[in-house]
Amino acid sequence: GFALDKSGGRPLAATAAVVLAAGMALLAFAHSATFDVYVPGYFLLAAGGDMFYLASLTLAQAWPSRQGTVISAYSCAFDSSTVVFLLFELVNRFTLNAFSVRMFWLTLGAFATPLTAGLALVWP
């Protein structure tokens with residue numbers, strides 16, 4: 001909240017994109033025996049997600065007459081984002097483990113990082 005008040009939505013969203021990308025990269029290359037960075041990776045995911053969520057609340061100001069609807073829609077989308085992990089599990093189960101965890105995090109990062117960075121560029 002302090003960073004949002006101090007810098008605004010756009011810089012916070014850009015920072016969130018970098019933090020999320022770093023967390024996904026750590027988790028993609030983590031290995032419990034040789035490169036155990038699961039805790040820092042998940043910490044970066046949590047911090048980046050929270051930063052992006054807080055920054056997104058300022059988007060509702062772009063539509064003053066529909067602020068409640070925009071915030072409600074974004075809250076629902078944020079809450080339902082965990083479905084991605086369920087979909088990975090189902091795809092992995094039905095393809096007999098054809099996809100590795102590394103492939104999952106790299107694919108998710110390939111979609112999420114440009115999307116998050118692009119949103120930061122068009123922020124009001």
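The lining of the second largest pocket comprises eight nonpolar residues, one polar residue and no charged ones. This is a predicted model. The second largest pocket holds about 200 Å³ of space. Its lining consists of Val84, Leu87, Phe88, Val91, Phe99, Met103, Phe104, Thr107 and Leu108. Two or more of the lining residues come from each of H5 and H6.

Now the largest pocket. Its volume is about 810 Å³. It is lined by 29 residues, and those closest to its centre are Leu20, Gly49, Phe52, Phe78 and Ser81. Helix H2 (9-29), H3, H4, helix H5 (83-94) and helix H6 (101-121) each give two or more residues to this lining. H6 supplies the largest share, with seven residues. By class, the lining of the largest pocket has 24 nonpolar residues, five polar and no charged.

Next, the packing of H3 against H4. Two packed helices are described by the angle between their axes and the distance between the axes. Helix H3 spans residues 38-56, and helix H4 spans residues 67-79. Their axes come within 11 Å and cross at roughly 165°. Angles over 145 degrees count as roughly antiparallel, and H3 and H4 are therefore roughly antiparallel to each other. The crossing of H3 past H4 is right-handed.

Which residues of H3 and H4 meet? From H3 come Gly49, Phe52, Tyr53 and Ser56; from H4 come Tyr74, Ser75 and Phe78. This contact has four nonpolar residues, three polar and no charged. Gly49, Phe52 and Phe78 take part in the helix contact, and they are also among the residues closest to the centre of the largest pocket.

How values were computed:
Residues are numbered from 1 along each chain as its sequence is written. This is a predicted model: local features need pLDDT of at least 70, side-chain atom pairs count only at pLDDT 80 or more; totals for chains, interfaces and linings use all residues. Side-chain values use heavy atoms; hydrogens and water are left out. Axes are lines fitted to C-alpha atoms, for helices over the stretch in contact, and angles run from 0 to 180 degrees between N-to-C directions. Helices (H or I, at least four residues) and strands (E, at least two) are DSSP runs, numbered from the N terminus. Angles under 35 degrees count as roughly parallel, over 145 as roughly antiparallel, 65 to 115 as roughly perpendicular and the rest as oblique. A crossing is left-handed if the near helix is turned anticlockwise from the far one by less than a right angle, and right-handed if clockwise. Contact means heavy atoms within 4.5 Å. Ala, Val, Leu, Ile, Met, Phe, Trp, Tyr, Cys and Pro count as nonpolar, Asp, Glu, Lys and Arg as charged, and the others, Gly among them, as polar. On a 1 Å grid over the protein atoms alone, a cavity is a set of points where a 1.4 Å probe fits but cannot get out, and a pocket is an open set with protein on both sides within 12 Å along at least five of seven lines; lining residues have an atom within 4 Å of a point. Grid points are joined across faces, edges and corners, and a volume is the space filled by probe spheres set on the points.
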